[in-house]
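Please keep the sequence and the model in view while reading.

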Amino acid sequence: QDKVRRAAALSVDKGYDPVIDAEAFEAMCEGLFDDREEMDQAVAFLHTRGIMLHYNEPALRNFYFLDPQWLGGILSRVITIDSENPYLVNGLMKQDRLKDLFSEQSADRA
């Protein structure tokens with residue numbers, strides 16, 4: 001739990017988003033668990049407690065969200081009223097505009 005929180009803070013301090021891929025997460029956890037099953041159980045526990053998020057859905061299973069509040073903020077930029085998201089037109093946004101919205105989010109933090 002503490003290692004996940006420290007990693008999230010370090011990511012933000014370095015200007016990175018507090019989300020890492022499976023390879024980086026496994027490297028971060030090296031030596032902490034006896035095997036993959038134990039790591040998965042710890043991840044499930046931390047997910048349930050809201051300390052980090054990880055989903056087994058095919059599109060998301062490679063990502064470990066170290067700061068649930070950050071993810072909530074990202075999602076709120078997408079799912080919002082038209083006046084808050086300049087890329088929405090009649091409640092719809094083209095998928096290719098997501099990168100523009102997220103790069104603005106990163107720039108706002110800097």
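Aspartate 34 counts as exposed, because its relative accessibility is 74% and the cut-off for that class is over 50%. In this predicted model, aspartate 34 is placed in the loop that connects α2 (22-28) with α3 (36-48), and together with Asp35, Glu37 and Glu38 it forms a negative surface patch.

Salt bridges are the next topic, and the structure holds two of them. Arginine 36 pairs with glutamate 26, and their closest N and O atoms are 2.4 Å apart; since arginine 36 belongs to helix α3 and glutamate 26 to helix α2, this pair ties together parts that are ten residues apart in sequence. Arginine 36 also forms a salt bridge with aspartate 40, where the closest N and O atoms are 3.0 Å apart, and here both residues lie in helix α3, four residues apart, which is about one turn of the helix.

| Residue | Relative accessible area | Class |
|---|---|---|
| Glutamate 26 | 33% | partly exposed |
| Arginine 36 | 42% | partly exposed |
| Aspartate 40 | 35% | partly exposed |

As for the chain as a whole, the protein has five helices and three strands, which follow one another from the N terminus in the order α-β-α-α-β-β-α-α. Of its 110 residues, 27% count as buried, while the chain exposes about 7600 Å², with carbon and sulfur atoms supplying 52% of that area. Among contacts between residues at least 6 apart in sequence, 47% join residues at least 24 apart.

Definitions and conventions:
Residues numbered from 1 in each chain as written. Predicted model: local features only at pLDDT ≥ 70, side-chain atom pairs only at ≥ 80, totals over all residues. Heavy atoms only, no water. Helix = DSSP H or I, 4+ residues; strand = E, 2+ residues; numbered from the N terminus. Buried < 20%, exposed > 50% of the residue type's maximum accessible area, 1.4 Å probe, protein only. Contact = heavy atoms within 4.5 Å. Areas by Shrake-Rupley, 256 points an atom, 1.4 Å probe, with all protein chains shown as cover. Patch = residues over 30% accessible without salt bridge, like charges linked within 9 Å, V, L, I, M, F, W, Y side chains within 5 Å. Salt bridge = Lys/Arg side-chain N within 4 Å of Asp/Glu carboxyl O. Lys, Arg positive; Asp, Glu negative; His and termini not counted. Charge placed at Lys NZ, Arg CZ, Asp CG, Glu CD.
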